Structure formats: C-alpha cells, structure tokens
Amino acid sequence: IDDFRDFFKPEKNSTEFNVEDVIEDSISLLEGIFNSHDIHIDRDFEPDIKAVGYPNEFSQAILNILNNAKDAMVEKRVSSKKIYIKLFKDEESVNISIEDTGGGIPEDIIDKIFNPYFSTKENTEGTGIGLYMTRSIITDHMHGCVRIENSDRGAVFTVKLPLTQSEE
C-alpha cells in the first residue's frame, strides 16, 4: 500500500468533471479485453452529470470495479457476461451503480472485500489492494461512499459522490 501513496498527492487540484466521460474513458481502456471475453456493457446514463474531485483517480476506481467484475465472470465461466452501469443523480448525490452477472460475492467475505490485502484470487492473481484503493479514492478523496451488495445476477457496487456546487 505504501507504494501507492504517491498516487494520492495532496497538491493535486480538485476539478469539476463530466462523470459519464470518465466512465466511458475507463470502459474504453478495457474494451479489448472485454471483447476478447465476450463481455457486454449495458449503459443507462443520465447526461451531463458533473462531480468535483480527481477524474484520474475516479477513473482508477471505476477500472478496479470493472476489472473485478470481468475477473469474477471469467473465473466462474458465466455464459452471458454482462455489466450493467447506471449513472443518475438525485437530490443529494451523483449515483453510479455497476452490476455484473458473475453470481455475486459469498456472504461470509462480502464485508472484507475493501480491506487491504484481502483477495479472493489465487496468490499470483491478485494483490488485494484494488478495492481498498477504490474505497480510499471514493471516500477519502472524493468525499463520497462506495458499497457492495449482491443481486440475483451478481455483485452490485454503488458509488455515491456529492453534487457539484452548481447542482445543489
């Protein structure tokens, strides 16, 4: 974890950014690997939603969630691999929901997945810091929250970020 401290430099300037654009950029980085595993993305984006924070860090958090969804579906050999991403705002926050068809996370470990060095992957496959970093980015740097729950299809990550000043 100490190796990633430079990733979180306090002198970075917080900026307003379009949330959809950052999510789309994150998806495009994984597009090749998603295509090779026949993973389809279903988007439901409310347009022109802005957040204030660190778009590169936010992108890293989204990448971590998407990559874990991919890993779960590939590992479990799911026949219909889909990721459902919903972006909308309510009176209090920007909301991003990312759901996969990977069958979910076992209830006995679901409360541990944001812990540092916790991984469900084989020793050589995962470090256990991706979701820890995701939580740190969302909560500590973006002043939001991230949670996980299971649905009937798979895991659902919900990210909530504060609305920008102009939208409050």
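**Salt bridges, helices and a sheet**

Reader: At 36% relative accessibility, does E149 count as buried, exposed or partly exposed?
Author: The cut-offs settle it: buried means under 20% relative accessible area, exposed over 50%, and partly exposed lies in between (1.4 Å probe, protein chains only). E149 has 36% relative accessibility, so the label is partly exposed.

Reader: Good. What sort of model is this, going by its source?
Author: Residues are numbered from 1 along each chain as its sequence is written, and side-chain values use heavy atoms, with hydrogens and water left out. Local features need pLDDT of at least 70, side-chain atom pairs count only at pLDDT 80 or more, and totals for chains, interfaces and linings use all residues, since the model is predicted.

Reader: Back to E149, then. Which residue does E149 form a salt bridge with?
Author: Side chains of opposite charge can pair when their charged atoms come close. A salt bridge here is a side-chain nitrogen of Lys or Arg within 4 Å of a carboxyl oxygen of Asp or Glu. The partner is partly exposed at 41% relative accessibility, and with the closest N and O atoms 3.3 Å apart, E149 pairs with R147.

Reader: How many residues apart are R153 and E99, the pair that links distant parts of the chain?
Author: Their side chains meet in a salt bridge at 3.0 Å, N to O. R153 sits in the loop between β6 (145–150) and β7 (155–162), while E99 is in strand β5 (residues 93–100), a separation of 54 residues.

Reader: And at 12% relative accessibility, is E99 buried or exposed?
Author: R153 is partly exposed, with a relative accessible area of 36%. E99 has 12% relative accessibility, so E99 counts as buried.

Reader: Which side chain does the side chain of S26 make a polar contact with?
Author: S26 is in helix α1 (residues 19–36); helices (H or I, at least four residues) and strands (E, at least two) are DSSP runs, numbered from the N terminus. S26 is buried, at 0% relative accessibility. A polar contact is a pair of N or O atoms within 3.5 Å; within protein, one must be able to donate a hydrogen and the other to accept it, and residues adjacent in sequence count only if both atoms are side-chain atoms. At 2.9 Å, the side chain that qualifies is that of S59.

Reader: What's the angle between α2 and α3 where they pack?
Author: Axes are lines fitted to C-alpha atoms, for helices over the stretch in contact, and angles run from 0 to 180 degrees between N-to-C directions. Helix α2 (residues 55–75) and helix α3 (residues 130–141) have axes 9 Å apart, and their angle is about 145°. The contact (heavy atoms within 4.5 Å) includes F58 and I65 of α2 and L131 and I137 of α3.
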